Amino acid sequence: MTLQAYLTLAALLFCIGLFGVLTRRNTIGILLGIELMLNAVNINLVAFARCLGDVSGMVFTVFTICITVVEVALGLALVILIFRIRRTAVADHLDLLRG
Amino acid sequence: MAASGFLAIWAWLAPGLAFLILGLVVPLRRSGRPAAWLSIVFSLGSLAAAVAAWRATVPDMARRMLWEWIPVEDGVLTSVGVLADADSTLMLILVALVSFLVQVYSLGYLADEPPASLGRYYVYQSLFAFSMMGLVLAPNFVQLFICWELVGLCSYLLIGYWYRRPEAARAAVKAFWVTKAGDAFFLIGIVMLWSRTGTFDFSEIFELAQGGGEALAGIGLITFFIYLGAAGKSAQFPFHVWLPDAMEGPTPVSALIHAATMVTAGVYLLYRTAFLFEQTPEVLAAVGWIGAFTALLAATLACVQTDIKRVLAYSTVSQLGYMMAAIGAGFAGAGFLHLLTHGVFKALLFLAAGAVIHAVGSNDIFAMGGLARRMPQTFIVFVIGTLSLAGIPFFAGFVSKEEILGATWVGGLAVPFGMLVLAAFLTAFYMFRVVFIAFLGAPAAAPAGAGHHAAGHGHREAHAHDAPAVMTLPLWILAALAMVIGLGLAIWHLEPEFEAPGWLTPLAVAVALGGIALAWLVYGLRAISPDRLSERFAWIGEAAMERFWLDDLFALVYRRVILSGSAGIGWVDRYIVDGILNVLSAWTLTAGDRLRRIQTGQAQDYLYGIALGVLLLMVWMRWPR
């Protein structure tokens with residue numbers, strides 16, 4: 001396997017995640033998309049670490065996984081709170097930012 | 001020697017301090033009488049300091065105390081301070097004295113005013129005294145100009161003291177505008193002089209003038225502009241129209257500002273800068289001609305007025321013309337002497353007229369009559385003032401007026417000399433016309449010449465009596481001063497600047513007595529009917545009644561030229577300058593409203609924008625170039 005293959009996989013994964021974030025109406029779906037994008041980053045980091053023989057990329061990956069867990073926990077908590085207050089978890093209905 | 005400078009500063013700052021205290025401590029100002037007393041005490045202190053400063057001066061030696069004010073790269077652009085010499089401190093005494101007496105007198109004259117507005121009056125009075133003294137002591141043109149504008153402001157405020165009366169408000173605005181027209185030229189003249197010499201300082205310009213004509217050659221336009229400023233302030237033709245209207249203010253104000261001090265600022269300016277005007281004889285000649293013409297014009301106007309204050313106002317214009325004529329003839333000292341004596345006796349006349357108005361409740365001399373018996377004190381002091389003004393020997397105005405006549409004759413201004421002699425005759429006539437009608441005529445007589453004199457006592461005149469002591473005391477002080485000056489000048493002759501011809505004194509006295517005699521014949525004995533007299537001089541009387549149409553001309557110019565010009569400029573401002581801005585702001589609003597629509601509030605939309613932006617950036621960075 002060459003580096004390009006890993007990077008292609010990561011790029012595809014990132015684009016799939018971004019597509020999910022931009023198009024999903026369900027808030028939970030958006031969170032899933034973000035997960036995919038972060039994992040694409042992880043793949044990149046690991047691939048470069050392997051290729052360059054530098055472990056710092058892998059160390060970063062461990063950090064990223066930790067942060068991802070926290071982010072998901074926080075994100076789900078926010079979704080639950082929003083659902084409690086607004087009785088909906090559909091992104092279209094959450095337009096408080098409108099000018 | 002330095003003491004004179006210090007004392008002059010104290011005299012100057014005392015009323016300024018009173019102004020600050022009264023201006024800042026509002027409860028004190030609104031309390032009325034305490035505010036008045038504070039102002040009076042400070043002005044008394046100022047008077048004492050002024051007298052001490054004058055006594056400390058040394059002849060032919062000026063004391064300068066300067067503080068740097070506007071520093072520039074090489075030296076100082078201008079400074080503030082005092083220039084105390086025998087002349088400026090003498091003028092300082094006149095200002096302080098009349099200011100003090102007027103403030104005391106006002107206590108009686110304005111006794112019925114509500115406390116708050118009485119306090120306001122004394123704030124203005126203090127500010128005026130401060131500004132006028134700053135003007136008198138100014139060592140350079142900048143300080144002089146600033147104080148010049150300040151006294152103009154005080155004049156405006158005090159003319160419009162009874163601002164609820166439309167005439168007073170209008171007169172205040174008129175005075176402000178007309179003097180401002182002159183001031184604009186004055187400012188231009190000062191700046192032109194500065195660009196020519198590089199200094200505002202009197203002493204430095206004086207040295208330049210002493211050093212020879214080259215430095216100051218061809219400054220005719222500059223001195224003429226400076227003269228226009230002085231003409232506006234000193235009510236010279238054609239700027240004289242504001243002064244009679246200024247009589248709408250309280251009478252003590254007229255005495256202080258529009259007779260004794262502020263209106264003489266122009267004369268004082270020309271006297272101080274006489275060395276400058278000597279460089280431009282053609283401008284000096286114009287000053288003399290205009291002065292003499294003003295004197296004659298105003299004297300004729302005074303003859304037809306029925307308002308006692310307006311008679312005095314035109315008389316002031318006329319006397320200012322005299323002073324200007326003397327300066328124009330090249331003998332500024334004579335003009336300055338007349339300024340000082342005139343300040344004393346004209347203030348006296350105005351204050352006496354104020355006492356009469358206070359008692360009678362009317363300005364119309366035909367509504368008075370027979371006041372000599374009811375108001376003997378006022379009558380005596382008024383006659384003293386009148387004799388001084390008419391130029392009767394041993395009264396204050398005699399020597400100074402004769403000096404002026406001699407100055408114009410020796411100065412080679414023969415025609416202005418003739419005008420001034422005629423004006424002197426008219427002066428004696430119109431002043432004694434007032435005396436005979438108001439003080440000696442039958443009480444509340446029907447208009448002169450109507451045939452039956454004892455038409456009946458007016459209501460208010462029956463109660464007319466001398467004013468309270470607070471008003472009569474200043475009158476007596478001024479009257480005594482007018483006598484003392486007159487006698488003093490008669491006994492100790494001044495060193496004459498010139499050799500006056502021997503026939504001058506008899507001529508001056510004869511002319512004055514002739515005027516008095518004519519007034520006596522017409523209004524005292526009624527040997528000549530005033531109607532016949534007015535028929536005889538109908539051609540000029542009609543014109544004088546209409547003030548020679550000068551006010552109408554000014555009104556026409558104001559309405560047609562200035563107002564329509566302003567309307568045009570206003571149109572440009574409203575529809576072009578403002579219009580462009582309004583269109584721009586409307587566009588901004590519309591564009592903002594359109595742009596607002598793209599803010600959907602959907603986080604996904606924003607994210608989409610960010611992603612698109614990043615993508616575009618990447619494409620742009622990688623684009624083969």
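Predicted model: local features only at pLDDT ≥ 70, side-chain atom pairs only at ≥ 80, totals over all residues.
Of the 99 residues of chain A, 10% count as buried, and by buried I mean that 20 or more other C-beta atoms lie within 10 Å of the residue's own, while exposed means 12 or fewer and partly exposed anything in between, with the C-beta atoms placed from the backbone. Residues are numbered from 1 along each chain as its sequence is written, and chains are lettered from A and ligands numbered from 1 in the order in which they are written.

Let me stay with chain A for a moment. It has three helices and zero strands, where helices (H or I, at least four residues) and strands (E, at least two) are DSSP runs, numbered from the N terminus. The radius of gyration of chain A is 16 Å, well over the 13 Å that the globule rule gives for 99 residues, so chain A is more spread out than a compact globule; this radius is taken over C-alpha atoms, and the rule is 2.2 Å times the number of residues to the power 0.38. Along the principal axes, the C-alpha atoms of chain A fill a box of roughly 50 × 25 × 25 Å. If we take the contacts in chain A with a separation of 6 or more, 45% of them are between residues 24 or more positions apart, a contact being two residues whose C-beta atoms, placed from the backbone, lie within 7 Å.

Now to chain B, which has 26 helices and two strands. Its C-alpha atoms fill a box of roughly 115 × 65 × 50 Å, again taken along the principal axes, and buried residues make up 51% of its 625 residues. Here, residues 24 or more positions apart account for 80% of the contacts with a separation of 6 or more.

How do the two strands of chain B pair? Strand β1 (residues 63-71) and strand β2 (residues 76-84) of chain B run in the antiparallel sense over eight bridges, and pairing requires that DSSP finds at least two bridges between the strands. Ile70(B) stands opposite Thr78(B) in β2(B). The two strands form a hairpin with four residues between them, and in that turn Gly75(B) has a positive phi of about 95°.

Helix α15 (residues 308-328) has 21 residues and reaches 30 Å from its first C-alpha to its last, close to the 30 Å expected at 1.5 Å a residue, the expected span being 1.5 Å times one less than the number of residues. Of the 21 residues of α15(B), 20 are buried, and just after this helix Gly330(B) takes a positive phi of about 100°. In helix α19 (residues 396-410) of chain B, 15 of the 15 residues are buried, so α19(B) is largely enclosed by the rest of the structure. Gly412(B), which follows α19(B), also has a positive phi, near 85°.

Which residues touch the most other members of the largest nonpolar core? Among its 212 residues they are Ala11(B), Leu92(B), Ala347(B), Leu348(B), Val356(B) and Leu420(B), and such a core is a set of buried Ala, Val, Leu, Ile, Met, Phe, Trp, Tyr and Cys residues joined through C-beta atoms within 7 Å. The largest share of this core, 19 residues, comes from α20(B). Leaving aside residues up to four places away in sequence, Val356(B) touches Ile308(B), Met368(B), Leu371(B), Met375(B), Thr378(B) and Ala438(B).

Finally, where do the chains meet? In total, 10 residues of chain B are in contact with 10 residues of chain A. On the chain B side, the largest share, five residues, comes from helix α26 (residues 603-622). The residues of that side divide into four nonpolar, five polar and one charged, where Ala, Val, Leu, Ile, Met, Phe, Trp, Tyr, Cys and Pro count as nonpolar, Asp, Glu, Lys and Arg as charged, and the others, Gly among them, as polar.
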